[in-house]
Amino acid sequence: MKKYFITGLLIWIPLAITFWVLSMIVRLMDQSLLLLPHAIQPETLLGMYIPGIGMVLTLLIVFITGLVTANIIGQRLVRFWEGVLARIPVVKSLYYSAKQISETLFSGNGEAFRKVLLVRYPHPHAWSVAFLTSAPTAEIGAAQDEEHVGVFIPTAPSPVNGFFFFVKKSDTIELEMSVDEALKYIVSMGVVAPSPPPGQHFPPTPPAYDEPSGHALNG
C-alpha cells in the first residue's frame, strides 16, 4: 500500500503545483479587467467569474501596445510619456531601472541571464548555481586587480529572490546546462538535476582563510 500511495503522490503533486502556479498567473492577469468600467466587466454581465478572460485582455493590450508603438506616432507618444516620467524624481529612477532590465532581458542582445555559472558561495568550500548578468562598470573594474563578472545567485525554491555579487571570472565555472534547466534545478532544490556534461572538471579548492584576519592558512 505504501508503494501505491507514493506512486499516487508522484502523479498528483506535480499536477497540483502546476495548476496552482497557473491559477496564480491567470488570477494576476485577470486583474486587467479592473481597467474596464464596472458595468461592462464580464463578471457583471455574466453574473459569474470566468478565469482567463483577463489574461486574453492583457495579451491583447500588450499586442496593441506593441503595434501602436512600432510606428512614428507611437514612438513620439512613448518619448512624450517618458519625458513626463523623467520629471518625477522617484518614479524616474524606478521606471528607467525597470526599462533597462526589460530591454536587457528581452532584446536578445548580450549575455545577461543567458549563461549558467558555478560560483563559490557562501564560503570558499561551497558551490552555488548563478547566472551571469553583466561586466562591472568601468569604475568598479578599475578598482579590481583581476577581471570580475556580475552574477545573480538565486535562492531556492524561489529563484526570483537572491543575491548580486561581483566575483573573479577565474573563480567561476561556466556550465553547459540551459537557463531553464538551471531554474528547474533551483526550484526543485536539487531534486530535478540535469545530466552533467562529460569531462566537466572543477578547479582546485582555494586555500582556507582565517576568518578574523583574512590571511591564508595553507597554500
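These legends describe close-up views of a predicted model. Local features need pLDDT of at least 70, side-chain atom pairs count only at pLDDT 80 or more, and totals for chains, interfaces and linings use all residues. Residues are numbered from 1 along each chain as its sequence is written, and side-chain values use heavy atoms, with hydrogens and water left out.

View 1. Five strands make an open sheet in the order 4-3-2-1-5, with antiparallel pairing. Strands (E, at least two residues) and helices (H or I, at least four) are DSSP runs, numbered from the N terminus. Two strands pair if DSSP finds at least two bridges between them. Strand 4 (162-168) and strand 5 (173-174) stand at the edges. Each has a single partner strand, so one side of each lacks a neighbour in the sheet.

**View 2. Strands 3 and 4.** Strand 3 (residues 148-154) pairs with strand 4 over seven bridges, in the antiparallel sense. Phenylalanine 152 has phenylalanine 164 of strand 4 as its bridge partner.

**View 3. Helix 7 across the sheet.** Helix 7 lies across strand 1 (116-120), strand 2 (127-134) and strand 3. Contact here means heavy atoms within 4.5 Å. Helix 7 runs at about 140 degrees to strand 2. Axes are lines fitted to C-alpha atoms, for helices over the stretch in contact, and angles run from 0 to 180 degrees between N-to-C directions. In the segment after helix 7 sits methionine 189. Methionine 189 is not a glycine, yet its phi is positive, at about 55 degrees.

**View 4. The loop between strand 1 and strand 2.** A cis peptide bond links tyrosine 121 to proline 122, with omega about 5 degrees. Proline 122 lies in this loop. The whole structure holds four aromatic pairs. One of them is tilted and joins tyrosine 121 and phenylalanine 163, at 5.8 Å centre to centre and 40 degrees between the planes. Tyrosine 121 is in the loop and phenylalanine 163 in strand 4, so the pair ties together parts 42 residues apart in sequence. Rings of Phe, Tyr and Trp (its six-membered ring) pair if their centres lie within 6.5 Å; planes under 30 degrees apart count as stacked, over 60 as edge-to-face and the rest as tilted.

**View 5. The largest pocket.** Its volume is about 640 Å³. On a 1 Å grid over the protein atoms alone, a pocket is an open set of points where a 1.4 Å probe fits, with protein on both sides within 12 Å along at least five of seven lines; lining residues have an atom within 4 Å of a point. Of the 16 lining residues, Ile17, Thr18, Val21, Val187 and Ser188 are closest to the centre. Helix 1 gives the most to the lining, with eight residues.

Methods
Grid points are joined across faces, edges and corners, and a volume is the space filled by probe spheres set on the points.
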